[in-house]
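Biologist: I would like to learn how to read a few features of a protein model with some care. Could we go through them one at a time?

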Amino acid sequence: MRYFLLIIVYSLFFIGCASPQPPDILQGYNLDEPDEMFVLPDSLREISGIAPLSDTEFACIQDENGIVFIYDTAKRRIRRQLPFGIDGDFEGIARVQKSLYILRSDGTLYEIEDYRSSPVVNTLVTGIMAGDNEGLCYDSTSNRLLIGSKSKLGNGSGLKNFRGIYSFDLDSKLLSEQPVFSFNVKTLQQFAVKNRIGVPSKITKKGNQQAIIKFRPSDIDFNPLTNDLYVLSSVDHMLFIFNKDGVIKNIQLLDPSLFSKAEGLSFLENGDMVVTNEGETRNATLLLFRHRK
């Protein structure tokens with residue numbers, strides 16, 4: 001009996017000392033195998049943003065032409081085009097009821113009111129100083145747009161590791177002076193190492209393990225089932241999940257062969273996730289990952 005008790009004690013000891021396991025936040029999605037893959041037409045080879053209009057219709061933009069392309073996954077073709085401005089570097093798109101909002105990399109927003117029947121185009125100047133603005137999504141809880149930047153928050157060594165997400169209030173048409181979300185790349189690196197995420201790493205001069213994470217957001221959106229903020233970083237081939245307060249919950253590695261240049265991210269109302277890849281030397285793709293309980 002004494003030996004049996006000793007075995008139980010030693011077993012509990014080793015279980016308590018076991019290394020932490022990666023958090024399982026993405027339960028319900030299999031990002032290794034999309035439920036459907038759509039090869040997009042050549043006019044969307046440089047697709048850079050996507051917004052669902054229905055279960056089968058998606059508003060898409062690409063980073064060269066001032067045109068919204070309405071793509072139908074049921075018909076596997078572009079059904080409509082909505083010109084909204086001159087050519088430019090367009091990176092994000094979001095739908096708010098009957099309006100579409102398009103983000104240019106310099107922070108300028110274009111609004112297409114009543115896009116389905118009688119489109120009216122407005123230009124909204126945000127005043128964002130940071131460059132490489134690529135992420136855009138709608139925050140329905142506060143009736144605002146969120147704009148994510150790939151650039152550091154400012155000059156100086158103290159800001160080089162910080163990335164920010166700003167809010168654009170749709171009632172006042174004003175941009176927040178300070179980011180509503182601020183992310184420290186060092187914190188993300190430490191989280192990856194502590195939770196053994198499997199991120200590529202290196203050994204620092206002090207002999208510490210450091211995860212290799214650049215964290216340059218290419219798109220952002222809220223998961224409607226959890227209210228978590230998902231941030232896609234194409235250069236890292238990673239998907240970052242934060243809670244509503246901006247605290248990191250998980251980092252998901254993405255297969256580069258499947259997510260070759262993932263620039264677009266969005267969710268359907270039922271929780272299905274959509275990711276788009278720019279084509280570069282081949283056709284662009286739209287990947288659909290259905291949510292399963």
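Biologist: Which residues gather in a patch of positive charge on the surface?

Modeller: This is a predicted model, in which local features need pLDDT of at least 70, side-chain atom pairs count only at pLDDT 80 or more, and totals for chains, interfaces and linings use all residues. Residues are numbered from 1 along each chain as its sequence is written, and side-chain values use heavy atoms, with hydrogens and water left out. A patch is built from residues with over 30% relative accessible area and no salt bridge, like charges being joined within 9 Å, and a salt bridge is a side-chain nitrogen of Lys or Arg within 4 Å of a carboxyl oxygen of Asp or Glu. Here the positive patch consists of Lys 152, Lys 160, Lys 186 and Lys 202.

Biologist: Where is the place of Lys 160, and how exposed is Lys 160?

Modeller: Buried means under 20% relative accessible area, exposed over 50%, and partly exposed in between (1.4 Å probe, protein chains only). Lys 160 is partly exposed at 48%, and belongs to the loop between strand E11 (144-149) and strand E12 (162-169), strands being DSSP runs (E, at least two residues) numbered from the N terminus.

Biologist: What should I make of the phi of Phe 215?

Modeller: Most residues other than glycine have a negative phi. Phe 215, however, has a positive phi near 50°; this residue is buried, with a relative accessible area of 0%, in the loop between strand E16 (209-211) and strand E17 (219-222). Asp 114 also has a positive phi, of about 50°, but is partly exposed at 28%.

Definitions and conventions. Patch = residues over 30% accessible without salt bridge, like charges linked within 9 Å, V, L, I, M, F, W, Y side chains within 5 Å. Areas by Shrake-Rupley, 256 points an atom, 1.4 Å probe, with all protein chains shown as cover. Lys, Arg positive; Asp, Glu negative; His and termini not counted. Charge placed at Lys NZ, Arg CZ, Asp CG, Glu CD. Helix = DSSP H or I, 4+ residues; strand = E, 2+ residues; numbered from the N terminus.
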